[in-house]
Structure formats: C-alpha cells, structure tokens
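Work through the exercises below with the model open. Try each task before reading its solution.

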Amino acid sequence: MNIKRFLKDWSLPLSLVTGAVCYFFGRSLGLSTQARETILESINYIQPTLIFCMLALTFCRIRLQDMRLKGWQWWLLAFQAGVATLFCLLHETTEDSSSHVFLQSMMLLFLCPTATAAAVVTAKLDGNVGSLAAYTMLINLAAAVLISAYSPLVNPTGGLSFWLSFWMIIRKVFPLLIGPMLAGLIIRRFSPTLLHWLTSIPDLAFYLWLVSSSLAIAVTTRILVHAEVSWLLCLLILIGSLVACFMQFATGRLVGRRYEEAVTAGQACGQKNTVLAIWVGYTFLDPLTSVAGGFYTIWHNVFNAWQLYKRNQPRK
C-alpha cells in the first residue's frame with residue numbers, strides 16, 4: 001500500500017478519529033478539574049487562531065472583487081430561512097418538552113451559518129472561493145438577525161432582547177470573518193514577498209484545517225458524552241441532523257448547478273459553523289440543542305471526507 005496516497009485520501013477521517021481518541025485518552029488519565037479547564041480554555045484560544053490563519057491564507061489567494069453576490073446565494077438564503085421559520089412555527093404548536101428540544105435543534109441547524117473553514121474545502125474541491133466568502137458574510141448577518149428574532153419565541157425564559165442577542169452573535173462571528181479578510185488584503189497589497197512565501201507552501205490552509213477539525217471532534221465528543229439527553233431524543237436528533245445535513249448539501253448543489261457553481265453552493269449551504277451552533281444552543285435556546293451541533297459536526301465532516309476522497313482519485 002502507498003502510505004503517502006493513503007494519508008492523502010484519508011487525512012480528514014484520520015484527523016476526526018484522532019480527535020475522538022485524544023478525548024477518551026485524556027479522560028482516562030484522570031486529570032484534575034483545573035487541568036481539564038485549562039485544556040478546554042487553551043482549545044478555545046487555539047481553534048479561533050487556526051481559523052483566522054486558515055482564512056487569512058485563503059484571502060491571500062482571492063481579490064475583493066471576486067466576492068460577488070449571485071443568484072444562487074439568495075435562493076439558498078431563502079431556503080435556509082424558510083425551513084428554520086417552519087420549525088419555529090411548529091414549535092409554537094406543541095407543548096411537549098422533548099418536541100421543543102427537537103424542533104429547536106432542527107431550527108438551529110438550518111439557521112446556522114456557513115463554516116468559516118468551508119473556504120478551505122471549497123478550494124480543495126476546485127470551487128469558487130470568492131462566491132463562498134460572499135455567501136458566508138451574507139448568511140452570518142442573516143443568521144444573527146433570525147436567531148435574535150426567533151430565540152425569544154422558542155425560549156422566552158432566556159430573557160435576552162433582540163439587540164443584545166444580535167450584538168452577542170455579531171461580536172462572536174464577524175471578527176473571524178473581517179479580520180482574516182483584512183489581513184489577506186494587506187498582505188496582497190503591501191507584502192508581495194510574504195504573499196509569495198505563504199502561497200508557495202502546498203496545502204498549508206488544509207493542514208491547519210485538519211488540526212482544527214480534530215480539535216472540533218474532541219470537543220464534540222465531550223459534549224455528546226456529557227449530554228443529559230434521553231436515548232430516544234438523542235436518536236431523533238441524530239437522525240434529524242443527518243437528514244438536515246443531506247438536505248442542505250443536496251439543495252445547495254442542486255441550486256448551484258444552475259449557476260455552474262454546484263460545489264461552491266453545496267459547501268455554502270451544507271458545511272456549518274457547528275462551534276457557533278453549539279454556543280447558540282447553550283446561550284439562546286434549550287442547552288440540550290447543543291447535541292444537534294455535535295452530531296452535525298460528524299455528518300458534514302464525513303461528507304467532506306467522502307468528497308475529498310473522490311476528488312483525490314485518479315481520473316480515468
């Protein structure tokens with residue numbers, strides 16, 4: 001077996017397995033509460049740093065004029081907002097607590113914006129990174145508005161106003177969008193030597209993404225292990241998140257195909273900022289909805305692993 005080919009084809013699955021194994025290994029060590037909190041706090045700093053570096057590297061390769069709004073972006077925005085609104089309305093028709101958690105979970109998975117790291121996978125799949133970056137900005141702004149509007153309806157005990165919720169979400173997501181974009185533009189404009197050096201390192205952003213994905217799976221595994229959710233509800237959210245993942249990747253590719261950007265639109269609609277989804281679940285909705293973000297992390301990474309595997313196969 002060609003080891004280099006194996007590692008290239010299965011790099012993402014290996015990073016996901018590594019993340020889960022690292023969590024269980026760390027758990028078996030019996031670390032003190034303070035040590036565990038220190039590790040979690042470190043991850044909370046490392047992940048945004050990796051994302052910032054990945055995006056900065058990506059923006060080094062695109063120009064501001066490449067970030068154009070196109071028809072498929074508005075269709076996908078309407079699709080995600082429409083399905084999320086439907087789940088919000090269904091939530092208002094039931095009083096069962098388990099149904100509330102499930103419907104809030106589904107609403108969250110459709111409201112959740114595009115992952116900032118989606119640009120890395122899109123580039124590997126030969127998609128249009130400029131179009132994806134434009135949609136990422138658009139859907140993050142729309143998600144901040146809709147989450148702020150819907151969360152008081154489905155979770156009135158949260159006690160947060162629309163504007164406070166909106167500001168909390170914007171403050172969390174936009175620094176990791178605007179900052180790397182500015183860094184990339186500054187490097188392109190004022191440091192061609194640094195630009196050449198950064199862009200000459202093959203797949204640097206991809207390798208950073210693999211590390212980030214491994215950390216994300218470790219955190220996801222911890223959330224799923226400690227979640228106090230009944231097995232039936234957990235199974236429903238598991239299946240629901242899988243269906244949501246399939247629907248959004250499929251819809252994105254179907255709509256994008258009409259604009260000759262199937263890969264780009266598929267990643268824009270299907271690859272989610274699950275770290276944000278988990279945080280929104282804890283902060284604005286029933287905390288049990290964070291399980292949905294954890295499951296979705298697994299599904300969209302499995303689909304990306306399959307796409308990358310197919311992409312790396314020799315063309316006949």
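This is a predicted model: local features need pLDDT of at least 70, side-chain atom pairs count only at pLDDT 80 or more; totals for chains, interfaces and linings use all residues.

Residues are numbered from 1 along each chain as its sequence is written, and side-chain values use heavy atoms, with hydrogens and water left out.

**Exercise 1. Classify the packing of α4 and α5, and list the contact residues.**

Step 1. Locate the helices, which are DSSP runs (H or I, at least four residues) numbered from the N terminus. Helix α4 spans residues 71-91 and helix α5 spans residues 97-111.

Step 2. Take the axes, which are lines fitted to C-alpha atoms over the stretch in contact, with angles from 0 to 180 degrees between N-to-C directions. The α4 and α5 axes lie 8 Å apart, at an angle of about 165 degrees.

Step 3. Apply the classes: under 35 degrees is roughly parallel, over 145 roughly antiparallel, 65 to 115 roughly perpendicular, and the rest oblique. The helices α4 and α5 are therefore roughly antiparallel.

Step 4. Assign the hand: left-handed if the near helix is turned anticlockwise from the far one by less than a right angle, right-handed if clockwise. The crossing of α4 and α5 is left-handed.

Step 5. List contacts (heavy atoms within 4.5 Å). From α4 come Phe79, Gln80, Val83, Ala84, Phe87, Cys88, Leu90 and His91. They meet His100, Leu103, Gln104, Met106, Met107, Phe110 and Leu111 of α5.

Step 6. Sort by class: Ala, Val, Leu, Ile, Met, Phe, Trp, Tyr, Cys and Pro are nonpolar, Asp, Glu, Lys and Arg charged, and the others, Gly among them, polar. The contact of α4 with α5 has 11 nonpolar, 4 polar and no charged residues.

**Exercise 2. At what angle do α3 and α11 cross, and which residues make the contact?**

Step 1. Helix α3 holds residues 33-59. Helix α11 holds residues 204-226. The two axes come within 9 Å and cross at roughly 150 degrees.

Step 2. So α3 and α11 are roughly antiparallel. The crossing of α3 past α11 is left-handed.

Step 3. The α3 residues include Leu40, Ile43, Ile46 and Gln47. Among those from α11 are Leu204, Trp209, Ser212 and Arg222. By class, the α3 and α11 contact has 16 nonpolar, 2 polar and 1 charged residues.

**Exercise 3. Which residues touch the most other members of the largest nonpolar core?**

Step 1. Define the core as buried Ala, Val, Leu, Ile, Met, Phe, Trp, Tyr and Cys residues joined through side-chain atoms within 4.5 Å. The largest such core has 89 residues.

Step 2. Met67, Met107, Tyr135 and Trp209 touch the most other members. Helix α7 (residues 129-154) gives the most to this core, with 15 residues.

Step 3. Check Met67, leaving aside neighbours within four places in sequence. Met67 contacts Phe59, Ile62, Gly130, Ala133, Ala134, Met137 and Met181.

**Exercise 4. Are Gly270, Gly240 and Ser230 buried, partly exposed or exposed?**

Step 1. Set the cut-offs on relative accessible area: buried under 20%, exposed over 50%, partly exposed in between (1.4 Å probe, protein chains only).

Step 2. Gly270 sits in helix α13 (residues 262-270). Its relative accessible area is 0%, so Gly270 is buried. Beyond four places in sequence, Gly270 contacts Gln248, Phe249, Tyr296 and His300.

Step 3. Gly240 belongs to helix α12 (residues 231-257). Gly240 is buried at 9%.

Step 4. Ser230 lies in the loop between α11 and α12. At 43%, Ser230 is partly exposed.

Notes:
Helices (H or I, at least four residues) and strands (E, at least two) are DSSP runs, numbered from the N terminus.
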